Amino acid sequence: MDRRTFLAGASGVATVGLAGCARLGITEPDDSGGDDADHDVGMGASFFRPAEITVKAGTTVVFQNTGNRRHTVTAYESGIPEDAEFFASGGFDTEQAAREGWMAGFEGRIESGEVYEHTFEVPGEYQYFCIPHEPSGMVGTVVVTE
């Protein structure tokens, strides 16, 4: 058997195997943030999806935990426009307070399926993160235009 014939047959087996997984209900949660989703930003194991989103000033962004782990949405105080309001799940006023709240009892957590919303009023770039998954690179950006 030549190499191309073998590879064509092998890829067909892999496709059938993967198709079988879908029928068994082995699927990933919808954290695409697409038009059919009820959120703008999804949260997976250790990522925000999309990692960057662009919205107009005055838009409320809905962050939904589409994974199974607890998450937070916490602004970097040094990563938001000067005149912008600080934001964090749990209603904290500062980044430090949010970090301390998490350490004291998982305050500000967003459980699986729950949402956090924030309205972005001031144009600019907003950098945010998930406190427990920050070391894994769970960071995101909201770009707000006029």
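**Close-up views of a predicted model**

In strand β8, V143 is the bridge partner of T54. This legend set describes a predicted model.

**View 1. The open four-stranded sheet and the pairing of β3 with β8.** Four strands are arranged in the order β3-β8-β7-β5, forming an open sheet with mixed pairing. Strand β8 (residues 139-145) pairs with β3 in the parallel sense, over five bridges. The bridge between T54 and V143 is shown. Strands of a sheet pair through backbone hydrogen bonds, in either a parallel or an antiparallel sense.

**View 2. Strand β6 and its pairing with β4.** Strand β4 (residues 59-65) pairs with β6 in the antiparallel sense, and six bridges connect the two. Within this pairing, V62 has E117 of β6 as its bridge partner. Strand β6 (residues 115-120) presents a covered face made up of Y116, H118 and F120, whereas V115, E117 and T119 lie on the uncovered face. In a regular strand, side chains alternate between the two faces of the sheet.

**View 3. The surroundings of F87.** F87 is located in the loop between β5 (74-75) and α2 (95-105). Its relative accessible area is 2%, and buried means under 20%, so F87 is classed as buried. Apart from neighbours within four places in sequence, the contacts of F87 are V73, T74, A75, I80, Y116, H118, F120, Y126 and Y128. Among them are Y116, H118 and F120, the residues of the covered face of β6. The C-alpha atom of F87 lies 8.9 Å from that of E77, a residue 10 positions away along the chain.

**View 4. H133 in the loop between β7 and β8.** H133 belongs to the loop that runs between β7 (124-129) and β8. With a relative accessibility of 10%, H133 is buried. When residues up to four places away in sequence are left out, H133 touches A45, S46, R69, R70, H71 and M138. One of these contacts, R70, also takes part in a salt bridge with E111.

**View 5. The salt-bridge network of R70, R109 and E111.** Salt bridges link R70, R109 and E111 in a network. Between R70 and E111, the closest N and O atoms are 3.0 Å apart. R70 is in the loop between β4 and β5 and E111 in the loop between α2 and β6, so this pair ties together parts that are 41 residues apart in sequence. For the salt bridge between R109 and E111, the closest N and O atoms are 3.1 Å apart. Relative accessibility is 35% for R70, 36% for R109 and 27% for E111; R70 is partly exposed, as are R109 and E111. The whole structure contains four salt bridges.

View 6. R99 and E95 form a salt bridge through their side chains, with an N to O distance of 3.1 Å. Both residues lie in helix α2, four residues apart, which is about one turn of the helix. R99 is partly exposed at 24% relative accessible area, whereas E95 is buried at 13%.

**View 7. Backbone features at P50 and F106.** The peptide bond joining R49 and P50 is cis, with omega about 0°. P50 lies in the loop between β2 (48-49) and β3. F106, although not a glycine, has a positive phi of about 60°. F106 is placed in the loop between α2 and β6 and is partly exposed, with a relative accessible area of 40%.

How values were computed:
Residues are numbered from 1 along each chain as its sequence is written. This is a predicted model: local features need pLDDT of at least 70, side-chain atom pairs count only at pLDDT 80 or more; totals for chains, interfaces and linings use all residues. Side-chain values use heavy atoms; hydrogens and water are left out. Buried means under 20% relative accessible area, exposed over 50%, partly exposed in between (1.4 Å probe, protein chains only). Contact means heavy atoms within 4.5 Å. Two strands pair if DSSP finds at least two bridges between them.
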